[in-house]
Amino acid sequence: MSLTKSLSLGAALGLATAIPAAAQDDTTQIAFIPQIAGIPYYVAMEEGAQRAAEELGVEYVQEGPTSTNAADQLRIFESFVNQGFDVIAISPLDEETLKPAIARALEAGIVVLTSDADAPGSDRQFFVAQALDQDLGYTLLDEAVERIGESGKIAIVSDSPTIQSMQNWIAAIEERAAEAYPEIEIVSVDHTDGTAQRAYQFATDAMTRNPDLKAVLGMASTTCPGIAQAVEAAGLVGEVLTAGYCSPNTAREYIKSGAMPFSVLWNPAELGYLTVWVGDHLVDGGEITEDFEVDGLEQTIQYLPENDVILLGPPAVFTEENVDDFDF
Amino acid sequence: MWTTLTSEASDARNRASVISRPIRIGREVLLLIALGVLVAIFASQSEFFLSERNLTTILRNSVDLAVICAGMTIVIILGGIDVSVGGIVAVSAVLIGRAYQYDMPDMVVVPIGLAAGAALGAMNGAIIAKSRVPPIVATLGTMYIFIAVLFLVIGGVWISGLPNTLSFLVLGEFLGLPSGLFVIGAIYGLSWLMLRRTPWGQRVVAIGCDEHAARLVGIRVDRTKIQAYALLGLFAGLAAVLYVARLRNVEVNIGTNIALEAIAATILGGANIRGGIGSLLGTLMGVLFIKMTQNGLVLIGVSSLWETVVIGGLLIVVLVLDALETRRTS
């Protein structure tokens, strides 16, 4: 009884605050809450989102917590609800914290999206995803094989084993190797404490242990400078390839020196662009039921109906030719 | 060299160290045996372990930790501890990175790194000496502050692509030997002289043995403490210089685990966490043990997740044997 009461009260409050704001201003207002404010990755995402906002004539606001704190994220989410935004997109830190707030926002008629990271157990309408873990794993190995050939030893250096996405990428790489390149052997998977020094150490030791090692793959931007420097210090540039999921800023120097000929990730600016586009589309009464095209993005955007995922597309590959176009 | 250290130490100190002398030799022998076993296992399982190249690699990877451990040994002999050294390394490294970004030359950048480390260390020392807060708590507090400073300055972004003008200090060769050897030799030689050949060193040991007695005989305990922590900070600043010289970037996680590794190496090496006792040579062996374990496990193909198990396990064995020995002699 009291539960029903408080729920309907919450809904009423939500509506009460949403209506005047919407009436005030006809411009569609879209908010995005990143996991943390101010880091280059989300700044790049904001640039893409602002570009979309200008082209679509909507207002875009991005505000995130100053540390990866789920309670702060919730507070920011609720403040956007109370300000009557039409669309709130979020890269959730913690699903459970946000679930009730997401439900209340939906009741208030707000379009709620997840973007960059998902809260699959919540009522969010769509997840705007950057790239699938499987695609990231396959692309990295395929690009590496293209350069080292279809046989040889590869060592993997990852960050903490607690980071789930990296575990998924490693699994995808191993799956791809088993299925497509039987002569490729993954000789080791080591986990750093997030310092460049340990990545350097692991890469050096892997090369010592396997004098015929062909490649070292880094699973995190934290590992990239370390593995590339290890190969440079060993004087093996050109003989041992390094590559990984490295932001262009951490990989740039080594992409240019040849120690790390390429890096695989996605383009956060395009992710921001797509997020705003989807938000605006839904506010205008549009639906998403199949793959679609977006003005301003080259690739076809995929719709995966089983989980309501909107997929930006294949991972981006950063090489000497394009790395200077990115700043994150 | 070890016997000289021991006898010098005994001469210079009061009866506490004389009583404890057999324990320390036991610890030292134990560590030598452990190192021997470790080398035997790794060498038998990997043909590369004893190669010149790999031994050079181990040495290069040990330089920054070894430098910090010299200071940590002195602080632990003093009866203190500093869990914030990783934070000091981090803050110094960020300042070094920023200074390089402003195109400052090495002769400006290096003093900045060293001065920052010494200043933060002196701050730790002052808090501990003046407030009488237990050092582990005080430095835990400053560690959080140092890490916050790191984030505030670099905001989650790596400083990368720094010049490699100083990398010869770690990666180079001198007289046909790896240059890191000379860096370690210089720091340990200097530390040994300070600890065992100067009145200052005697004061450090006296405070570590019995702080109250040291005060009664007129030793300026607070000043000595601040100096010891500042020295550790200075060495942490030097470690930051060497780290940046070698890896040419400053990452957000810089310094993670280095305090734990430094304390583990120092305790493994025979320093008594209650103060008064410690050996620079033993500490150096502790550093070698940790770095050989990290390197050897990878070479023999054992998951690196076991590394902390090996180091933690030996630490417990050493401490338990030490406790049993203490009980027996007392």
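In the predicted model, 29 residues of chain B are in contact with 28 residues of chain A. On the side of chain B that touches chain A, the elements giving two or more residues are helix H3 (52-77), helix H11 (221-247) and helix H13 (280-299) of chain B. By residue class, this side of chain B divides into 10 nonpolar, 16 polar and three charged residues.

Within chain A, residues 30-286 are assigned by an unreviewed UniProt entry to the feature "domain: Periplasmic binding protein".

Helix H6 of chain A, formed by residues 164-180, has 17 residues, and the distance from its first C-alpha to its last is 24 Å, which is close to the 24 Å expected at 1.5 Å a residue. Met166(A), Trp169(A), Ala172(A) and Ile173(A) are buried in H6(A). When H6(A) is seen down its axis, these buried residues fall within an arc of 115°, and they therefore line one face of the helix. Elements that cover the buried residues of H6(A) include helix H5 (133-148) and strand E6 (152-158) of chain A. By contrast, the face of H6(A) turned away from its buried side carries the exposed residues Gln164(A), Ala178(A) and Glu179(A).

Methods. Residues numbered from 1 in each chain as written. Chains lettered and ligands numbered in written order. Predicted model: local features only at pLDDT ≥ 70, side-chain atom pairs only at ≥ 80, totals over all residues. Helix = DSSP H or I, 4+ residues; strand = E, 2+ residues; numbered from the N terminus. Expected span 1.5 Å × (residues − 1). Buried ≥ 20, exposed ≤ 12 C-beta atoms within 10 Å, placed from the backbone. Arc of directions from axis to C-beta. Contact = placed C-beta atoms within 7 Å. UniProt positions renumbered as here; feature names shortened; annotations may be inferred. Nonpolar A, V, L, I, M, F, W, Y, C, P; charged D, E, K, R; others polar.
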